[in-house]
Amino acid sequence: MIILLKNHADEQQVNNLQAWLKSMGFDIHMSVGASQTIMGLIGDTSRVDIEVIKSLEIVETVQRIQEPYKNANRKFHAEDSVIDVGGGKKIGGGHFEIMAGPCSVESEEQIVMIAKEVKKSGAGLLRGGAFKPRTSPYAFQGLHEEGINLLLEAKRQTGLPIVTEIMDAHHLKYFDDVDVIQVGARNMQNFELLKELGQLRKPILLKRGLANTIQEWLMSAEYIMAGGNEQVILCERGIRTYETATRNTLDLSAVPVIHKLTHLPVIVDPSHATGIASLVKPMAVAAAACGADGLMIEVHNDPPHARSDGAQSLTPEAFDDVVKAVNAVRPFACR
Ligand code: PEP
Ligand code: MN
């Protein structure tokens, strides 16, 4: 349920209302915007008499929220959330950033070289997998803690904030200096992991599950936010369909749908969505045009010899070309 307060509502009366609702067992989410103050109630509101609340002097309107996600709901928080991702960079509410780097961190030389290249082209964050979710147990599983240390070395040398995936809450001890923690598609509904991340106060990049609806995705964001961590960035990375020409099917309509349903920012990963390097540019441009708040793109210095996802990885030169095309279309983006 949301309670829209009148402009210039008496502060004492607002506090009284808040205290009364809390005493009834509700969590209150206050959203103070430039033009409106919204009080969001979380809990079973079926026993609240809407008419009593509507009759209060400070209340403009009261509305029940049908959607099961509350904290993530735009009705709770009309303005776009802007997430501070480190190094003075922000995502959401008009702030756009590109995260780029290899699928897997392979060596210091590799990650530092790629970090320097992508920074030169305009990437705002460095990505790289240290804990890799691989379909085959015999495939390269990542350098683990050492991979994170190499990312941190690349961060020291370039100043780029880093984003890397977590697969198990027991590994959180390695993530203290990671700027953005990624939850991969395969863990989107690992609810115990999401609850642990809800206890942190740092940005979480939540990728859409391989076969999950937008509502399920938002419920996963809700798990993180329910713990008090409101810094969630969504990432559309393609979903499983009957189509086999591409690795996944990029659901770009999810971008404007997400912007309608939630105040959280959404970025697009055209690399995992298509699985094919030549498709990354057209899909990156399309994502920027339809209003994405950023992109995640895989870049490798030697794609044919990459230890994972070489077929979809761009060379630094190709990445530079993609950034130019994305920047050219951004002024015309639908937002
Ligand atoms: C990745 O970004 O490295 C990754 C494994 O992506 P996804 O979870 O989208 O498959
Ligand atoms: Mn990858």
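Q: What should I know before reading the numbers?
A: This is a predicted model, where local features need pLDDT of at least 70, side-chain atom pairs count only at pLDDT 80 or more, and totals for chains, interfaces and linings use all residues. Residues are numbered from 1 along each chain as its sequence is written, chains are lettered from A and ligands numbered from 1 in the order in which they are written, and side-chain values use heavy atoms, with hydrogens and water left out.

Q: Ok, which residues coordinate the manganese ion (ligand 2)?
A: Cys103 (SG), His272 (NE2), Glu298 (OE) and Asp309 (OD) coordinate the manganese ion (ligand 2), at 2.0 to 2.4 Å. Donors are N, O and S atoms within 2.8 Å of the metal (3.2 Å for Na, K and Ca); water is not among the atoms, so sites may look incomplete.

Q: And what spacing do those donors follow along the chain?
A: The spacing is C-x168-H-x25-E-x10-D. Cys103 lies in the loop between β7 (97-101) and α3, and Glu298 lies in strand β14 (residues 294-298), so this pair ties together parts that are 195 residues apart in sequence. Helices (H or I, at least four residues) and strands (E, at least two) are DSSP runs, numbered from the N terminus.

Q: Are Cys103 and Glu298 buried or exposed?
A: Cys103 counts as buried at 3% relative accessibility, and Glu298 counts as buried at 0%. Buried means under 20% relative accessible area, exposed over 50%, and partly exposed in between (1.4 Å probe, protein chains only).

Q: Switching topic: how many salt bridges are there?
A: The structure holds 16 salt bridges. A salt bridge is a side-chain nitrogen of Lys or Arg within 4 Å of a carboxyl oxygen of Asp or Glu.

Q: What does Lys75 pair with?
A: Lys75 forms a salt bridge with Glu67, and their closest N and O atoms are 3.0 Å apart. Lys75 is partly exposed at 31% relative accessibility, whereas Glu67 is buried at 18%.

Q: Which parts of the chain does the Arg208 and Asp251 pair tie together?
A: Arg208 forms a salt bridge with Asp251, with the closest N and O atoms 2.8 Å apart. Arg208 lies in the loop between β11 (204-207) and α6, and Asp251 in the loop between β12 (232-236) and α7 (254-261), so the pair ties together parts that are 43 residues apart in sequence. Arg208 is buried at 4% relative accessibility, and Asp251 is buried at 15%.

Q: Which residues are joined into one network?
A: Salt bridges that share partners join Arg74, Asp80, Asp293 and Arg335. In the Arg74 and Asp80 bridge, the closest N and O atoms are 2.7 Å apart.

Q: Last one: which residues gather in the negative patch?
A: Glu108, Glu109, Glu145 and Glu146 gather there, on the surface. Patches are made of residues with over 30% relative accessible area and no salt bridge; like charges are joined within 9 Å, and nonpolar side chains (Val, Leu, Ile, Met, Phe, Trp, Tyr) within 5 Å. Lys and Arg count as positive and Asp and Glu as negative, while His and the chain ends are not counted. The place of a charge is taken as NZ of Lys, CZ of Arg, CG of Asp or CD of Glu.

Q: Which helices supply the patch?
A: α3 (108-121) and α4 (145-158) each supply at least two of its residues. Glu108 lies in helix α3 and is partly exposed, with a relative accessible area of 41%. Accessible areas come from the Shrake-Rupley method with a 1.4 Å probe, and for residues only the protein chains shown count as cover.
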